[in-house]
Each structure stands twice: as structure tokens, then as C-alpha cells.
Amino acid sequence: MPTEPDVLVIGGGATGTGTARDLAMRGLDVTLVERDGLSSGTSGRSHGLLHSGARYAESDPAGATECIEESAILRDIAGACLEETGGLFVSLAGDDADYFEEKREACESVGIPTETLSPAEARELVPELSDDVERVFRVPDGAVFPSRLVAANALDAEAHGATIHPDAPVESVTVEDEAITAVRVGGSVDDTIHPAYVVNAAGAWAGEVAAMAGLEVDMQPTRGVMVSLAYDDLGPVLNRCRAPDDGDIVVPHGEEAVVGTTSVPVNDPDDYEQARWEVETSIDECAAMLPPVADAPVVREWWGVRPLYAPDENERGGRGISRGFFRLDHATDGVENAVSVVGGKLTTYRMMAESTADLVCERLGVDAACRTAEEQLAGADDPQRLDAAVAAYDGQGPTDADVVDPGAGTAGAEPAGTAESDD
């Protein structure tokens with residue numbers, strides 16, 4: 001294993017593996033470490049929505065624009081990591097008609113295509129849609145399978161020379177003369193790494209990683225529940241067209257439908273309550289849009305923790321306002337060779353990685369352009385190869401457990417770094 005890489009990336013979710021891929025494609029020697037399996041944090045525990053940006057159109061136009069642009073890129077490069085479903089925003093009797101129009105007009109203003117449908121036309125797409133639906137418009141939402149997406153980025157990073165280590169927790173960080181000089185990594189690595197530059201992409205745990213280097217990254221994680229129900233052939237994503245609230249989204253997953261979610265602040269992303277009211281509220285509220293889910297069998301349920309940046313949350317006032325990302329250059333904090341990237345959305349992970357890689361290259365004097373938007377992810381056209389990589393990276397999350405086949409595989413699908421990681 002290289003012990004003196006150009007860049008050490010800490011965190012094996014979408015942003016971390018996306019950053020490793022980007023930097024490796026620019027010719028840097030990259031090592032990535034993740035304390036558990038890849039996608040074991042926020043990425044692999046989401047509701048699996050590929051955002052069109054409509055959810056944020058009126059409250060965060062810039063973020064909505066990022067979503068529609070990045071979702072288009074992912075449709076070009078991510079193949080079997082996605083499913084093209086489309087999405088509906090539905091307004092029920094009693095919901096604010098003015099909000100519906102504001103949302104639709106905001107989508108159009110930032111370039112998110114919409115199509116207004118009658119309730120009858122919407123029921124042609126979703127026959128069991130509630131009789132209380134009064135207003136509907138269609139947007140280009142989709143579903144994303146995060147375990148595959150993270151594995152595809154890791155495969156591509158390794159194909160360009162990066163080294164990927166799941167089950168490799170960071171144990172300590174040494175700072176000398178205003179720079180990180182050593183990072184002790186346990187688990188499958190059990191070695192000390194001396195990187196030229198460090199990227200903290202640990203998501204909700206970014207504050208803990210930063211603290212090891214004497215840095216402060218103030219996170220305010222929030223938990224949210226997802227419940228997967230047995231429900232065949234939903235078709236499009238369903239979004240309740242109201243101010244963001246508990247239980248306002250249903251995401252199709254083959255023979256299942258994922259309903260959610262909630263938003264409750266937590267102090268510790270590893271230790272938090274998993275309250276039954278969150279499950280019940282998510283099902284009940286989503287049943288207002290799609291009544292059969294009220295009695296549908298529960299297949300599985302899980303909580304995820306959002307990696308929200310506290311100063312932004314405090315300024316904006318909390319839920320539903322924005323899910324922007326922040327690139328924190330720690331040179332301003334007295335550590336010249338470190339950056340933390342926090343916040344954001346799964347849909348915009350590639351853009352977050354590009355921004356982070358741009359800074360790293362600037363600091364290391366590397367003149368190389370980003371190519372991640374133009375080149376297809378490794379294995380994107382081969383679901384079996386992706387699923388084999390998910391298993392090899394210990395990367396199966398609950399979001400897409402119904403889609404990924406851990407027994408699948410093709411010859412040569414095993415990630416190059418797996419054998420070394422298991423030593």
C-alpha cells in the first residue's frame with residue numbers, strides 16, 4: 001500500500017469515492033479509507049431519490065439548478081446505478097394552491113421541465129393515486145441505487161490508480177508546522193499514511209475527523225427514517241407539493257416503494273433514538289397520496305443521518321430550506337494541506353467532488369481538468385460487475401438491498417485493492 005500518497009481521502013461515501021475518482025483521473029496518487037464498508041454512512045442510507053431539483057426550486061434556486069444539471073450528467077455516466085422513473089408533485093384537497101403554482105413556476109424559471117397533468121391523467125400513471133389529489137405536475141425525478149453508485153466510483157478510481165480501503169478507520173492525525181504529516185489508520189490497513197494533502201469527506205462524522213487535526217467543523221446532523229413497503233409498479237416518484245414536512249415522498253424500487261422521511265436533530269450520528277412515531281407518521285402521511293401504502297407489508301426500515309453544516313442550518317432556519325454543500329479550506333485555520341467537504345445531496349456528489357478536487361489540484365500545483373462529467377463510470381453498463389463490487393467493498397446499504405444482487409459477478413470484477421485491504 002502506498003504510504004506517501006499525494007492525497008488521502010477520508011470517507012467512502014459518494015462524495016469521498018467521487019473525489020478519489022476525480023483526483024485519480026487527473027493523475028494524482030490517491031488513497032481512500034473508510035472506517036466501515038463503502039457507502040455505510042449517509043450515502044447508503046438515503047431514500048434513493050435522484051433529484052430533479054424541484055424540491056428546492058422556490059427556496060434554493062441555485063441548488064435546484066445544480067440538481068437538474070447534475071442529474072442530467074448522472075443519466076449519461078451512471079447507467080445501471082439509476083432508474084428512470086420520472087416524478088410527480090401532487091397537491092391534495094386542502095393543500096395551498098398558491099404554493100403549487102409557486103413551485104411549478106420556480107421550476108420553470110431554473111430550467112426544470114414541468115408538465116401539468118389533470119388528476120385523471122396522473123391516475124393513468126399511478127392508478128391508485130388518492131381521490132383527494134387536485135393538482136399535479138410532472139418533473140424528471142428518478143431513482144438512484146447508492147450502493148452501486150459508490151462502488152462504480154470506487155472501481156473507476158482504482159482503474160485510474162487509486163487505492164481503496166474499506167473497513168479502515170482513522171485512529172489519529174498528526175499536525176506539525178501547520179500541516180498534517182501523518183494519519184494512523186487501523187483495521188484493514190493497520191499502518192501510518194503520510195499524505196501531501198488530506199480530504200475530509202466523512203459526512204456527518206466530518207467534525208470528529210477534523211477534531212483529530214485540531215480543527216473545528218461544526219456539524220448539525222439530522223436523522224430521517226425510510227420505510228420500504230411491498231408495493232408493485234408504482235411508476236413515478238411521488239412528492240407532496242407542500243412546504244417540506246414529515247412523510248412527503250414515495251420512491252419506487254421495483255416491487256417496493258420507499259416512503260419517508262423525517263428530520264430530527266441528533267447530537268451523535270452513531271447513537272440516536274429511532275422513534276416509532278417517525279415510521280408511523282411517514283406511512284400515514286404518504287398514504288394520503290397513495291392510500292394502499294397504509295396497509296402494505298413493511299419489508300425493511302432504516303434511518304439515515306444527514307451531514308448538515310451547522311452554521312448554514314442556523315442561518316437558514318432548518319429543514320427544507322437548502323441542502324447546499326460547503327468546501328472548507330483549512331489553510332485559513334492554520335492547517336495548510338487539508339479540506340473538508342460537507343452538506344450537499346447525493347444527486348450533486350460529482351459536482352462536490354469536482355469542486356474539492358479543483359482546490360486540491362490548485363494547492364498541489366497540478367494543472368489538470370476534471371473529466372468526470374464526460375467519462376462513464378466503470379461498470380455502469382454491467383449490473384453484475386457493480387453488484388460484485390458492492391460485495392467486495394462491503395458496500396451494501398439498505399436503500400437498494402432489493403435491487404443489488406450480492407451473489408452476482410463477472411470474471412475480474414473484484415476491486416484491485418480488495419485483497420490488500422483484507423491482509
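Author: At 26% relative accessibility, Glu285 counts as partly exposed, since buried means under 20% relative accessible area, exposed over 50%, and partly exposed in between (1.4 Å probe, protein chains only). This is a predicted model, in which local features need pLDDT of at least 70 and side-chain atom pairs count only at pLDDT 80 or more, while totals for chains, interfaces and linings use all residues. Residues are numbered from 1 along each chain as its sequence is written, and side-chain values use heavy atoms, with hydrogens and water left out.

Reader: Why does Arg242 count as buried?

Author: Arg242 has 16% relative accessibility, and therefore counts as buried.

Reader: What makes the pair Arg242 and Glu285 a salt bridge?

Author: The term requires a side-chain nitrogen of Lys or Arg within 4 Å of a carboxyl oxygen of Asp or Glu. The closest N and O atoms of Arg242 and Glu285 are 3.2 Å apart, so the pair qualifies.

Reader: Why is helix 2 called roughly perpendicular to helix 9?

Author: Helix 2 (residues 61-77) and helix 9 (residues 349-364) pack at an angle of about 100 degrees, with their axes 8 Å apart. Angles of 65 to 115 degrees count as roughly perpendicular, under 35 as roughly parallel, over 145 as roughly antiparallel and the rest as oblique, so helix 2 is roughly perpendicular to helix 9.

Methods
Axes fitted to C-alpha atoms, helices over the stretch in contact; angles between N-to-C directions. Helix = DSSP H or I, 4+ residues; strand = E, 2+ residues; numbered from the N terminus.
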